[in-house]
Amino acid sequence: MKKIIIVISFFILSATAGKAQTILPAQYQELVKQLVANLPKNVTVTENNSSTSSTSLIDFAKSMLGIPYRYATSNPKVGFDCSGFVSYVFSNFGFKVPRSSREFSYAGKETSLENAKVGDVLIFTGSNSRIRRIGHVGIVYSIDENGIKFIHASSGKAHQVTITDLDGHYKARFMKIVSIL
């Protein structure tokens, strides 16, 4: 008898759980509307969107400037950590990219700083450059005669999504660069 009650309970719970997962709570419906409104209008999302321009990607990333840093988060309403920010930006253009900074070293195609393009992903050590272990990522924002600037969710002084020069502190932490676009 107990087995029958357990089996029936399991089926009832399964049926109600499946139904509950298909309804988006009202508090998230507004967030989804805002996020969709921020998506670039001129980009068609496909499985591997080779038509995504770096300009569209950077414009979308730039719309996140000032969103606070928050560890282990990839939600613009709450905040971003570095890999959450990069992952969020690329996934909004249909790219399947890693969620952790370490996994980005295996994503895309490795390139060099000399061949860097806007939209490439910079991979850095954690805050201690002497420990050569991946711990931070950002997206190349601009390249000009003054060097490379990148956009990232910084846990440092800025403690938000910000644009930073690739010099001094970050140059010492640089490990590699990969091209996703």
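1. Basis of the comments. In this predicted model, local features need pLDDT of at least 70 and side-chain atom pairs count only at pLDDT 80 or more, whereas totals for chains, interfaces and linings use all residues. Residues are numbered from 1 along each chain as its sequence is written, and side-chain values use heavy atoms, with hydrogens and water left out.

2. Strand E6. Strand E6 spans residues 147-153, and five of its seven residues are buried (under 20% relative accessible area, with exposed over 50% and partly exposed in between; 1.4 Å probe, protein chains only). Helices (H or I, at least four residues) and strands (E, at least two) are DSSP runs, numbered from the N terminus.

3. Partners of E6. Strand E5 (residues 134-144) pairs with E6 in the antiparallel sense over five bridges; two strands pair if DSSP finds at least two bridges between them. Two residues separate E5 and E6, which form a hairpin, and Asp-144 has Gly-147 as its bridge partner in E6. Strand E7 (residues 161-165) is also antiparallel to E6 and is joined to it by five bridges; here Ala-153 has Val-161 as its bridge partner.

4. The largest pocket. This pocket holds about 490 Å³ of space. Among its 25 lining residues, Cys-82, Gly-135, His-136, Ser-155 and Arg-173 are the closest to the centre. Helix H4 (82-91), E5, E6, E7 and helix H5 (168-173) each give two or more residues to the lining. A pocket is an open set of points on a 1 Å grid over the protein atoms alone, where a 1.4 Å probe fits, with protein on both sides within 12 Å along at least five of seven lines; lining residues have an atom within 4 Å of a point. The volume is the space filled by probe spheres set on the points, which are joined across faces, edges and corners.

5. Aromatic pairs. The structure holds nine aromatic pairs (ring centres of Phe, Tyr or Trp, the last by its six-membered ring, within 6.5 Å; planes under 30 degrees apart are stacked, over 60 edge-to-face, the rest tilted). Phe-60 and Tyr-88 are stacked because their ring centres lie 6.0 Å apart with the planes at 25 degrees. Since Phe-60 lies in helix H3 (residues 54-62) and Tyr-88 in helix H4, this pair ties together parts that are 28 residues apart in sequence.

6. Phe-80 and Tyr-88 form a tilted pair, 5.3 Å centre to centre and 50 degrees between the planes. Both Phe-80 and Tyr-88 are buried, and Phe-60 counts as buried at 2% relative accessibility. One aromatic cluster is formed by Phe-60, Phe-80, Phe-85, Tyr-88 and Phe-93.
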